[in-house]
Amino acid sequence: MAGIQLNTLRKIYAGNVEAVKGISIDIQDGEFIVLVGPSGCGKSTLLRMVAGLETITEGELFIGDRLVNNVEPADRDIAMVFQNYALYPHMSVYNNLAYGLKNRRIPKNEIESRVRKAAEILEIGEFLNRKPRQLSGGQRQRVAMGRAIVRQPAAFLFDEPLSNLDAKLRVQMRMEIKKLQKGLGTTSLYVTHDQLEAMTLADRLVVLNGGVVEQIGSPINVYEKPASAFVATFIGSPAMNLLPLTKSGGEWKLDNGATVDVMLNTDLSDLILGVRPEDLLIEELSEKSGSDLHTALTVQVVEPVGAESYVHGTIGEGSKDVVVRAPGKLHFEPGQVLKVTAKPEKLHTFDTKTGKRIEIEGPLETA
Amino acid sequence: MKRVQFSHPLMPYMLLLPQLSIVGVFFLWPAAEAIRVSFYLEDPFGFGSTFVGLDNFKDVISASEYSRTAWFTLIFSSAVTFFSLSIALLLAVKADKVIKGASIHRTLLMWVYAIAPPVAGLLGVMLFDQHIGPLNDLAHALGWNMQIGVNYFDTAFAMTVIAVWKQIPINFIFFLSGLQSVPKSVQEAAAVDCRSSLRRFWTVTFPLLAPTSFFLLIINITYALFDTFGIIDLVLKGEPGNNPVTLVYKVFLDGFRGNDLGGSSAQSVILMMLVFALTVVQFRMIERRVHYS
């Protein structure tokens, strides 16, 4: 086992398309790192560079203490799980698992015992003699996992392994992958575009956008202190509400004129205010003290999802859609006007131009 | 199954009639005629025929020349099939790996296929021509006194090379499309599992090409046995002399040059049985080992 070190890795494709723009990540031994981002953000390219399936244009890649920039995929001591499983269709499940071991000249009885053990862990023992086409999607997924496990590699690389499964199976396999990884303690690099998958699996999240790292941190840390407006909207569902915030007459105001009593150490006069749907409280239901934001919300649509309801509304003419997470038992009517508030520590502010986070220093001291 | 309703009960038969009549007139009738004639001794001048039972077959099989031709046919067909398939596969694998200007490469390699077969055969023959053929010159420059039409081996060599050369493009096209249908991710998974690209090819890519290869094997054996007639005729310039010929060419020689219609028919009946047996063997034995996924 080993850690993985990415030192300002860059990937420039023919035609000067830069897919990965100098990414550095230091992955500890045994850590579960999830690369998450929208499609085209370079996350798959980065993973494939670690696997050796894409060349590295610039930068250094270490697996353990070894510089592996020019090492063949088979010699990097990694195992990869592909999105569409990529099982060998002409081989039995047993041979699918054994293939990588046979090519490494591992003794036959050792192969046999490793395959049996992996099959037992993954509960695919009864399918060992079947061909991949005789298996269901979930079973194929397990075989693909098994192929990685038997190798006992320094690191597992997962390329959106669950995206071909149906929703229910995905949740189940997600938990199994996490259990398995914790049990084996193998360093893992996992790519997904699903922020929920990313949150639940990761020890540390790497949020990518446009070929650069937006933020690295634990899921909770990324959720509570998003480093940019992009991360704020990408992580969390429903997404964080972003509203323009302007300084006029020494006060920070929303478009609808509502004041936001925060103290900010910035020269800018245009910011973005971010507040998560669950941090917007409906005033009648909450204590009034210590709130820095008060505004009226006109309800437009209500999405009840059971335990809670997502109330979509506007805070004035031409304002953006604002979502409030409300208890499911409450009833709302379109057109109804609600008073919503948010606590100061639950507000986020971002630079309008760069999108970078600007820390709020505290509530405004009103004498 | 979807059942189609026809307004008139005869309609489906009418629709099938053109195809059936072609099969009947050009395949079944001549085959039946060949079987009938193979039991008769035909007068060379067409003045009548005598029923001789299996005599024609006995004569054919006991003739030493026939077994010599059969051996040559076997070697020739095997060589043509083997080389046209393996060279085409090699080219396809290489073309599949080309990234820069891939479409130009492929178009150039497929171009030959657009040339009509007799023209391609004629071009091949000209390459080996005793007086103007560059390949003949090359052989002479290398110290090989190549005499096509005179030396048995040289003639056989030229026939084989031309037959292989002409068949490569079609095999190439099929192999290339077969290679491109092998999923990229499976090849990548293999790259992670196996260092040697040669071993990867034989253990993963080639087995996945098996349906294509099996189809091409049948096409190529048939080609080598029957469709090489024109090339052989061109190389021999219609004067076989002591030179090698295939069984199919011998049917033509004995029937239309030797005017031995009975013997020639007996030979084609033997060929028919051979092809039938070959087809059964191919589908029974080989298809079982082919993976259709």
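## The antiparallel sheet of chain A

Leu9(A) has Ile23(A), in strand E2 of chain A, as its bridge partner. This pair belongs to the pairing of strand E1 (residues 4-13) of chain A with E2(A), in which eight bridges join two strands that run antiparallel. Strands, like helices, are DSSP runs numbered from the N terminus, a strand being E over at least two residues and a helix H or I over at least four, and two strands pair if DSSP finds at least two bridges between them. The model is a predicted one, in which local features need pLDDT of at least 70 and side-chain atom pairs count only at pLDDT 80 or more, while totals for chains, interfaces and linings use all residues. Residues are numbered from 1 along each chain as its sequence is written, and chains are lettered from A and ligands numbered from 1 in the order in which they are written.

In chain A, E1 and E2 are part of an open sheet of four strands, in the order E2-E1-E4-E5, with antiparallel pairing. Strand E2 (17-27) and strand E5 (66-67) of chain A each have a single partner strand and stand at the edges, so one side of each is left without a neighbour in the sheet.

## The mixed sheet of chain A

A further open sheet in chain A has six strands in the order E6-E7-E8-E3-E9-E10, and its pairing is mixed. The edges are taken by strand E6 (78-81) and strand E10 (212-217) of chain A, each with a single partner strand, so one side of each is left without a neighbour in the sheet. From one strand to the next the twist averages 15°, where angles run from 0 to 180 degrees between N-to-C directions and axes are lines fitted to C-alpha atoms, for helices over the stretch in contact.

E6(A) and strand E7 (residues 155-159) of chain A run parallel and are joined by four bridges; Ala79(A) has Phe156(A) in E7(A) as its bridge partner. Across E6 and E7 of chain A lies helix H4 (residues 137-149) of chain A, which runs at about 175° to E6(A).

## The nonpolar cores

The largest nonpolar core has 140 residues, of which Val34(A), Leu35(A), Met80(A), Leu157(A) and Leu189(A) touch the most other members. Helix H7 (residues 152-180) of chain B gives the most to this core, with twelve residues. Apart from it lies another core, of six residues, including Ala34(B) and Val60(B). A nonpolar core is here a set of buried Ala, Val, Leu, Ile, Met, Phe, Trp, Tyr and Cys residues joined through C-beta atoms within 7 Å; a residue is buried if 20 or more other C-beta atoms lie within 10 Å of its own, exposed if 12 or fewer, and partly exposed in between, with C-beta atoms placed from the backbone.

## Chain B and its helices

Chain B has twelve helices and two strands, and its C-alpha atoms fill a box of roughly 75 × 70 × 30 Å, taken along the principal axes. Of its 293 residues, 29% count as buried.

The axes of helix H4 (residues 102-111) of chain B and H7(B) come within 8 Å and cross at roughly 145°. Arg106(B), Leu109(B) and Met110(B) in H4(B) meet Pro169(B), Phe172(B), Ile173(B) and Leu176(B) in H7(B), two residues being in contact if their C-beta atoms, placed from the backbone, lie within 7 Å.

## Where the chains meet

In the contact between the chains, 16 residues of chain B touch 19 residues of chain A. Helix H8 (184-193) and helix H9 (197-227) of chain B each supply at least two residues of the side of chain B that touches chain A, and the largest share, seven residues, comes from H8(B).

Arg200(B) is found in helix H9 of chain B. Arg200(B) is partly exposed, with 19 other C-beta atoms within 10 Å. Leaving aside neighbours within four places in sequence, Arg200(B) is in contact with Ala190(B), Ala191(B), Cys194(B) and Thr205(B).

## Confidence

The model scores ipTM 0.84 and pTM 0.81. Chain B averages a pLDDT, the predictor's confidence in each residue from 0 to 100, of 85, and 95% of the residues score at least 70. Within chain B, confidence is lowest in H4(B), at a mean of 76, and highest in H8(B), at 93.
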